[in-house]
Amino acid sequence: NPVVQKVVGYRRFFDALPALAEPLSPGAVSVWCWLWTCEREGLARCSVRKLAARFRCGTGTASRWLSELRAARFVCVKRKGRTGRHAS
């Protein structure tokens, strides 16, 4: 069931947070939750610019949140976008 898969994903994420050496910022947690909500087949297609617009922050802040998530191994970049192509 897709709903159960989403709930289990959230639960695993929030269960893993206390074990991190460096705690995630609230912005990084909210970005992960939004990406998890939007994921399909394990991919969430989004650019840093779109994340910044979504969370009403600068691109530097959105990039920093993604870097936190990458460092904690909660997200990885599968394909970096280029002009005219989508990122995922």
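The protein chain folds into four helices and zero strands, where helices (H or I, at least four residues) and strands (E, at least two) are DSSP runs numbered from the N terminus. Read from the N terminus on, the elements go α-α-α-α. This is a predicted model, so local features need pLDDT of at least 70 and side-chain atom pairs count only at pLDDT 80 or more, while totals for chains, interfaces and linings use all residues. Residues are numbered from 1 along each chain as its sequence is written, and side-chain values use heavy atoms, with hydrogens and water left out.

Of the 88 residues of the chain, 24% count as buried; here buried means under 20% relative accessible area, exposed over 50%, and partly exposed in between (1.4 Å probe, protein chains only). As for contacts (heavy atoms within 4.5 Å), take those in the chain with a separation of 6 or more: residues 24 or more positions apart account for 49% of them.

What sits in the middle of things? In soluble globular proteins, nonpolar side chains tend to be buried together. A nonpolar core is a set of buried Ala, Val, Leu, Ile, Met, Phe, Trp, Tyr and Cys residues joined through side-chain atoms within 4.5 Å. The largest one here has 15 residues, and Leu-24, Val-31, Leu-35, Leu-51 and Leu-69 touch the most other members. Helix H2 (26-38), helix H3 (48-55) and helix H4 (59-71) each supply at least two residues of this core, with H2 giving the most, six residues. Val-31 shows how these pieces meet: setting aside its neighbours within four places in sequence, Val-31 is in contact with Leu-51, Phe-55, Trp-65, Leu-66 and Leu-69.

Now for the helix pairs. Two packed helices are described by the angle between their axes and the distance between the axes. The axes are lines fitted to C-alpha atoms, for helices over the stretch in contact, and angles run from 0 to 180 degrees between N-to-C directions. Angles under 35 degrees count as roughly parallel, over 145 as roughly antiparallel, 65 to 115 as roughly perpendicular and the rest as oblique.

Helix H1 (residues 2-16) packs on H2 at an angle of about 160 degrees, and their axes are 11 Å apart. H1 and H2 are therefore roughly antiparallel to each other. The crossing of H1 and H2 is right-handed; a crossing gets that label if the near helix is turned clockwise from the far one by less than a right angle, and is left-handed if anticlockwise. On the H1 side, Gln-5, Lys-6, Gly-9, Tyr-10, Phe-13 and Phe-14 meet Val-29, Trp-32, Cys-33, Trp-36 and Thr-37 of H2.

H2 also crosses H3, at roughly 110 degrees, with the axes coming within 12 Å. That makes H2 and H3 roughly perpendicular to each other. Ser-30, Val-31, Trp-34 and Leu-35 in H2 meet Leu-51, Arg-54 and Phe-55 in H3.

H3 and H4 pack at about 105 degrees with their axes 8 Å apart, which makes H3 roughly perpendicular to H4. Here H3 contributes Val-48, Arg-49, Leu-51, Ala-52 and Phe-55, and H4 contributes Thr-59, Ala-62, Ser-63, Trp-65 and Leu-66. Thr-61 lies in helix H4 too and, at 23% relative accessibility, counts as partly exposed. Its C-alpha atom is 9.6 Å from that of Leu-51, ten residues away along the chain.

Between H3 and H4 runs a loop that holds Gly-58, a partly exposed residue at 36% relative accessibility. Gly-58 and Val-48 are ten residues apart in sequence and 9.3 Å apart in space, C-alpha to C-alpha. Arg-56 has its place in this loop as well. Most residues other than glycine have a negative phi, and most peptide bonds are trans. Arg-56, though, has a positive phi near 55 degrees, and at 79% relative accessibility counts as exposed. Arg-73, in the segment after H4, also has a positive phi, about 65 degrees, although it is not a glycine. Arg-73 is exposed, with a relative accessible area of 75%.

How many disulfides are there? With a disulfide taken as a pair of cysteine sulfur atoms within 2.5 Å, the count comes to zero. Cys-33 counts as buried at 17% relative accessibility, whereas Cys-76 counts as exposed at 52%.
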